Amino acid sequence: MKYVDEFRDGSLARLIADRIRREAPADRRYNLMEFCGGHTHAISRYGVADLLPASVDMIHGPGCPVCVLPIGRIDNAIALAKEQGVILCTYADTMRVPASNGVSLSRAKAQGADIRMVYSAADALRIAQETAAREVVFFAIGFETTTPPTAVVIREADRLGLGNFSVFCNHVVTPAAMSAILEPPPQVRDGGSVWIDGFVGPAHVSCVIGSRPYEYFARTYQRPIVIAGFEPLDVMQAVLMLVRQLNEGRHEVENEYARAVTREGNLTAQQLVAEVFELRSSFEWRGLGEVPDSALAIRQRFARFDAERRYGIVYRPVPDNRVCECGAILRGARKPVECKVFGTVCTPENPLGSCMVSSEGACAAYYTYGRFRLKAAAPAAV
Ligand code: SF4
């Protein structure tokens, strides 16, 4: 398959691994954060970490949409369905994220709430058109990749004059989260955060926003960023590019994913998002806490499609399960295997925290691809 098979070539992977080993000496540490859950998934699935020398540590970041959603927001969504009686539509992964009191959207549905899994924002709009007697709310989550489709349906609902459709907007933005992770003074591991030497930058997000927004971070925090695709060779090439930048004392934005990402990004999508949404002054992320300018709200012009306004939603922070390390994992301060209940009490069938729910979650990726086993028992799969 074009643009897939050639990026999974095992012999090329070993060639790049040799170069990384030669250029990343054993007496130096390279703490590299892959921001996206898609990269975490690729690293686990293809055994990329097993091909890297001990001096290179891949640290998993907060780029998993359902993982960063705090419990309080899911409680809000459940209350919409249970107490307001709306048809609540959302993406599949969101359904199983644990909320307060052992409930989740799936369990609330089993208890009788009208909660429906949809494949796209457009599905939610269609349900509203077909069910004129009921209120339909789309529980919108995700980074810059899922924001444009939500903007499209809000504009379409406006054009159609739909009175029974609204959006509970929980869209977040990547650059602010990177900033939150890099905020000085950075602490070494076992503190609240971890020292990051460089970033593997998002693939799909960067298709929308382009590489330009990262230039500020590279300059301000003096960290290299290499935007990479989600195939194993993309990730390995990005690691090599980061190692070279660090060895040469550079901190630039480089684009390994040039087959899809440009400096300017998708201007049409950016204009659409800017027309419908504005930045919130602050938003709580699981693991990162309140992050300024890190999420989007619906503009006044489209206020009648804003579920927060329509239903007077009040957000209340809710602490994570005491034993769950998702917060530290999302900051890069812990690995999934460092959680006491990983793979025992907490599994994909019975997730205690959000990182075990989605395939993009670090805990789910480790569990699914056996990364919790000893390296000797889990040889590289590439
Ligand atoms: S294994 Fe489960 S409980 Fe532990 S950090 Fe991951 S999601 Fe949370």
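Buried means under 20% relative accessible area, exposed over 50%, and partly exposed in between, with a 1.4 Å probe and protein chains only. Helices (H or I, at least four residues) and strands (E, at least two) are DSSP runs, numbered from the N terminus. This is a predicted model: local features need pLDDT of at least 70, side-chain atom pairs count only at pLDDT 80 or more, and totals for chains, interfaces and linings use all residues. Residues are numbered from 1 along each chain as its sequence is written, and side-chain values use heavy atoms, with hydrogens and water left out.

**Exercise 1. Helix 4**

List the buried residues of helix 4, then check the length of helix 4 against the expected span.

Solution. 
- Step 1: Helix 4 covers residues 71-83, 13 residues in total.
- Step 2: Its buried residues are I71, G72, R73, I74, N76, A77, I78, L80 and A81.
- Step 3: The expected span of a helix is 1.5 Å times one less than its number of residues.
- Step 4: For helix 4 this gives 18 Å, and the distance from first C-alpha to last is close to it, at 18 Å.
- Step 5: Look just past the helix. G85 has a positive phi of about 70 degrees there.

**Exercise 2. Helices 8 and 12**

Apply the length check to helix 8 and helix 12.

Solution. 
- Step 1: Helix 8 (residues 147-160) has 14 residues, so at 1.5 Å a residue it should span 20 Å. Its end C-alpha atoms are 20 Å apart, which agrees.
- Step 2: In helix 8 the buried residues are T147, P148, T150, A151, V153, I154 and A157.
- Step 3: G161 follows helix 8, with a positive phi near 65 degrees.
- Step 4: Helix 12 (residues 232-247) has 16 residues, so it should span 22 Å at 1.5 Å a residue. Its end C-alpha atoms lie 23 Å apart, in agreement.
- Step 5: Helix 12 is mostly covered, with 13 of its 16 residues buried.
- Step 6: Just after helix 12 comes G249, with a positive phi of about 70 degrees.

**Exercise 3. Contacts of three residues**

Find the surroundings of E215, V172 and R286. Contact means heavy atoms within 4.5 Å.

Solution. 
- Step 1: E215 lies in helix 11 (residues 213-221). E215 is partly exposed because its relative accessible area is 23%.
- Step 2: Not counting residues up to four places away in sequence, E215 touches V253 and R263.
- Step 3: V172 is in the loop between strand 6 (165-171) and helix 9 (174-182). At 4% relative accessibility, V172 counts as buried.
- Step 4: Beyond four places in sequence, V172 contacts G142, F143, E144, F283, W285, S294 and A295.
- Step 5: V172 and T147 are 25 residues apart along the chain, and their C-alpha atoms are separated by 8.5 Å.
- Step 6: R286 is in the loop between strand 11 (282-285) and strand 12. R286 is buried, with a relative accessible area of 4%.
- Step 7: Leaving aside neighbours within four places in sequence, the contacts of R286 include C67, P70, I71, I74, D320 and C326.

**Exercise 4. The ligand**

Which residues surround the ligand, and how do they divide by type?

Solution. 
- Step 1: A residue is near a molecule if one of its heavy atoms lies within 4 Å of it.
- Step 2: The ligand is surrounded by C324, E325, C326, I329, C339, V341, F342, C346, L352, G353, M356 and C363.
- Step 3: Ala, Val, Leu, Ile, Met, Phe, Trp, Tyr, Cys and Pro count as nonpolar, Asp, Glu, Lys and Arg as charged, and the others, Gly among them, as polar.
- Step 4: The shell divides into ten nonpolar residues, one polar and one charged.
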